[in-house]
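Please keep the structure open while reading.

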Amino acid sequence: MIVQVVGCSHHETAIALRERLAFSPEKAAEALDHWRRVFPGVEAVLLSTCNRVELYAATERDAAPDRRQVAGFLGRFQRLDPAEIVETLYQFHHGEAIRHLFTVASSLDSMVVGEPQILAQVKQAYELATEHDNTGPITHAAFQAALKCARRVASETAIHQRRVSIPSVAVADFARQIFERFDDKHTVVLGAGEMAEETIRYLQDEGAHQITVVNRNLDRATDVAERWGGRAVPWELLPEALATSDLIVSTTGAGETIVTAEQFERVERTRHGRPLFILDLAVPRDFDSEIGRRPDVYLYSVDDLRVACEENRRQRDRELPAAMKIIEQETTRFMADLHHRATGPIIRQLRAGWEQPKQEELERLLRRLPDLDDASQEEVRRSFDRLVNKLLHPPLRSLRDESTEGIPTRLMDALRRLFQLRE
Amino acid sequence: MLSGVQIVCFAASYTVVFALELSRLLFRSGVRGAVMLGFAAAGLLAHTAFLYHQAVLTPRSPLSSERDWYLIAAWLLAVVYLYLAWYYPRQSFGAFLLPLVLALIGAGVLLARNEPFPREPASRVWGMIHGGALLLSTVAVLIGFAAGVMYLWQAARLKRKQLPRPGLRLPSLEWLARANRRSLIVAVLALGVGVAAGVVLGTLRHSGGGAPLPWYDPVVLATLLMLVWLLLAVVLTARGDVSRRGRAVAYLTVVSFVFLAIALGSMLLLDTQHGGREDAPGNRPSGMVDNEFALKPTGITPLDSTEHAVHDPGRSAGEGRA
């Protein structure tokens with residue numbers, strides 16, 4: 001029995017190669033169909049995200065495609081020279097492969113540890129492989145255990161709640177604590193920095209869709225607004241935009257404060273006390289810090305968010321050992337179950353070997369006691385069943401115990417010889 | 001079997017849930033949420049059984065005494081808690097609501113009278129409306145108070161730019177502000193109905209030969225004061241600029257709680273004739289403020305006693321519940 005993973009990730013492989021190796025869902029489906037033809041009887045799940053391309057393979061046989069064969073398969077499929085990629089691919093076997101899968105699914109191997117998307121991506125990869133008939137008993141068990149492990153890590157540790165990028169902290173840890181919903185909120189973006197766009201992405205994930213971009217350069221504002229489905233307004237209309245805003249994301253490159261306390265006070269009169277979340281990501285800051293003292297105004301600068309990110313990072317690091325412990329527990333449990341599966345034929349033969357004499361003795365006894373009523377006969381049958389189960393319990397228990405260390409080959413050999421079982 | 005349910009059963013369940021809620025501040029657990037829900041549901045079940053036994057299986061109706069009134073208020077608040085805990089399992093509602101539930105139970109057991117309110121047949125419906133509306137108003141003010149405290153806590157944290165404390169997650173300010181506004185509206189409507197029903201009740205009693213309406217009674221005065229305050233608060237929140245200022249509404253609900261505390265404190269601690277009390281705390285009959293946690297047969301059928309038959313002519317004429 002073999003379980004293995006061959007692939008590459010953001011840890012060792014440059015993004016240029018990862019991009020060339022990456023599979024769209026359609027292409028992954030084609031690859032899986034092709035895999036089934038090239039390697040019949042070998043279960044496979046192809047996980048392709050922007051940070052990794054991994055092929056999980058498993059078979060009940062004693063041989064599976066090695067790293068070179070997988071490199072050849074991926075290379076031919078993606079029109080890459082296998083020699084170019086084979087050295088960048090890692091390969092893990094058995095427990096290492098399972099531990100890796102559980103770590104990936106739990107988002108502990110992600111570029112941003114704790115990011116939630118990876119679990120959905122693992123699930124989609126598994127479902128795609130199942131749809132295309134590439135999964136089997138081992139991959140079913142492995143991926144279901146991986147999803148369970150990831151859920152345990154999410155519920156028993158706070159890793160997933162600890163965001164470490166400034167836009168994600170701004171939206172998840174602060175904006176969402178102010179607003180219950182974002183679909184009825186007006187977001188005003190000042191400037192058009194990269195961080196502003198990333199923040200818009202997070203806000204749109206939360207449902208925000210009323211976006212106004214204000215920039216000194218109207219063309220630039222229009223460009224950004226079109227990208228995010230918002231509208232652009234000229235710089236002169238900034239006070240009007242501020243008056244109707246609920247969230248402001250400011251990332252201008254201005255060398256001085258663009259909204260002073262006095263200017264804001266004038267705008268505030270028209271806001272009628274509506275709460276306002278201001279994310280001032282510009283350096284130097286675009287908003288006078290005095291504005292943050294106004295009631296129902298929540299003003300955050302890059303430094304404020306950086307402190308929060310650091311705190312999150314520290315707390316997340318403290319949670320890592322607990323998460324790794326869960327992964328170790330789940331890996332050990334899964335591998336024990338997997339090794340125990342290998343003892344299935346022996347257990348079946350053992351049961352069959354005891355079942356036959358039991359049945360013969362039972363029939364002989366019932367023939368000698370013809371006066372027994374149905375209830376008594378049933379009681380005798382149950383008694384024989386209990387006896388066989390009790391006699392079988394010690395060897396079965398030993399097989400399970402030995403399975404925690406690996407496939408119990410020696411014990412299986414001993415049982416075969418002891419009970420004259422066939423290979 | 002229901003007679004075996006004691007106040008201590010559900011009080012202990014709520015205490016366990018509260019302790020589990022506080023333990024969120026100390027450590028994480030994958031099963032705590034389910035355990036909390038289990039204990040809260042068990043507590044509510046026991047609470048319901050206790051009240052049901054009081055109301056149906058014994059010759060008393062709901063809201064028949066001060067103690068009943070407090071225990072039903074606690075029950076309503078516990079229902080609200082269980083609903084919120086079920087739909088928002090990550091939020092720490094229990095840290096704010098459960099102390100109020102336990103305080104109501106404690107006040108009901110330790111301070112409130114377990115003797116029935118005097119009841120004349122003609123005023124029975126009005127008495128029920130009066131008690132029920134005041135009960136609803138009290139629960140609304142308590143919910144508003146909890147939401148107001150949560151709002152101020154959350155707003156202070158956000159102003160200090162601090163991350164949510166592990167184990168103490170609160171709803172968004174928008175959610176809390178909405179809860180505050182709604183609780184104020186429910187509270188003022190219910191209190192208005194309750195006071196109006198109280199006036200009708202007093203008038204009926206007076207026309208039937210009873211004492212006139214005790215307008216200067218401390219409980220009546222405190223309740224009227226609370227009604228005036230709640231009306232003022234609702235008028236203020238109806239103004240757009242105040243309504244949008246969640247912090248202002250939160251302060252209004254917290255002050256409303258102070259008025260409620262004064263009204264309930266007057267009822268429990270001052271010399272009042274409201275609700276049929278004719279005795280000051282110092283000269284209550286022994287057993288009126290008792291610590292009985294068990295539902296004892298002698299404690300649940302006071303209407304049958306001679307003393308209460310004198311206070312309740314309707315019952316002595318055989319018009320009580322079967």
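Two residues are in contact if their C-beta atoms, placed from the backbone, lie within 7 Å. By that criterion, 24 residues of chain A touch 19 residues of chain B. The model is predicted: local features need pLDDT of at least 70, side-chain atom pairs count only at pLDDT 80 or more, and totals for chains, interfaces and linings use all residues. Residues are numbered from 1 along each chain as its sequence is written, and chains are lettered from A in the order in which they are written.

**Interface, chain A side**
- Helix 7 (137-156), helix 8 (166-178), strand 10 (297-301) and helix 13 (302-342) of chain A each supply at least two residues; helices (H or I, at least four residues) and strands (E, at least two) are DSSP runs, numbered from the N terminus.
- Helix 8 of chain A gives the most, with five residues.

**Chain A overall**
- Chain A has 16 helices and 10 strands.
- Its radius of gyration, taken over C-alpha atoms, is 31 Å, well over the 22 Å from the globule rule (2.2 Å times the number of residues to the power 0.38), so chain A is more spread out than a compact globule.
- The C-alpha atoms of chain A fill a box of roughly 105 × 60 × 35 Å along the principal axes.

**Helix pair in chain B**
- The axes (lines fitted to C-alpha atoms over the stretch in contact) of helix 1 (residues 7-23) and helix 4 (residues 94-110) of chain B come within 9 Å and cross at roughly 155°.
- Helix 1 and helix 4 of chain B are therefore roughly antiparallel (angles over 145 degrees between N-to-C directions).
- Residues in this contact include Phe18(B) of helix 1 and Leu102(B) of helix 4.

Definitions and conventions:
Axes are lines fitted to C-alpha atoms, for helices over the stretch in contact, and angles run from 0 to 180 degrees between N-to-C directions. Angles under 35 degrees count as roughly parallel, over 145 as roughly antiparallel, 65 to 115 as roughly perpendicular and the rest as oblique.
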